[in-house]
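Please open the structure in your viewer and keep the selection tool at hand, as each stop on this tour asks you to pick out a residue or a pair.

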Amino acid sequence: FYLFTPGIWFLTFAFVAVGMILAHLSEKKFNWKFHRTAMIFGALLAAPLIGYNLLQFTEWAAFLGIILLTVAISFSVYWIGKKQKWKFFEGNFSNLAKAAFAGQMMDASATFVALQFFSCGEQHFLPRLLFGAFGPVSFFFVKIPLMLLVLHYVQKEFTNDEKADANLHGYILLFLAILGFATGIRDLLTVAVGTCTI
């Protein structure tokens, strides 16, 4: 349950929440920087799991391909956003907005590679219909504009409302990042360890 949606979202959110609580307590008690403590907690938690998976990798080309595809699409969109002055990629929450977008691109890239070049299948009904009609590449043509619209409306909602809670703005973006990276990293590792190999 905890390796499939929606369970993986709950599991990932639980780890993030515990890390944030520990970071907050450490900041209050020891004056440690919140972000650094949260990052160290996440790295220590992930390191043995990632290390174990690395030892099982059989599909290095696919692994690197998914990473490069994620980075190429994300940075291309960031560059366009900078030129077009998209407000959600600027200001206090720009890094969280970029993380949210990159997480969704990792999910799309891993799904595309797993379906286009390997034997993995799609779990969910609507994507199966989409891929059946237009192929796995269609995931990008849905995810990119949809994610940009979501980021635009989240930004608009919080900048137009003077009473809006800035922390809630950050939490929504964090939630969007978790949604993408939880499934994206799972699918990335699933492909890399050879689960989808024909």
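**First stop: Asp-187**

Select Asp-187, which is buried at a relative accessible area of 16% (buried means under 20% relative accessible area, exposed over 50%, and partly exposed in between, with a 1.4 Å probe and protein chains only). The model is predicted, so local features need pLDDT of at least 70 and side-chain atom pairs count only at pLDDT 80 or more, while totals for chains, interfaces and linings use all residues. Residues are numbered from 1 along each chain as its sequence is written, and side-chain values use heavy atoms, with hydrogens and water left out.

Now show what surrounds Asp-187: apart from neighbours within four places in sequence, Asp-187 is in contact (heavy atoms within 4.5 Å) with Asp-107, Ala-110 and Thr-111.

**Second stop: aromatic rings**

Across the whole structure, a search finds 13 aromatic pairs, where rings of Phe, Tyr and Trp (its six-membered ring) pair if their centres lie within 6.5 Å, and planes under 30 degrees apart count as stacked, over 60 as edge-to-face and the rest as tilted. Select Phe-57 and Phe-63, a tilted pair with 4.9 Å from centre to centre and 55 degrees between the planes. Phe-57 is buried, with a relative accessible area of 9%, and Phe-63 also counts as buried, at 16%.

Go on to Phe-89 and Phe-101, whose ring centres are 6.3 Å apart and whose planes stand at 85 degrees, so this pair is edge-to-face. Both Phe-89 and Phe-101 are buried.
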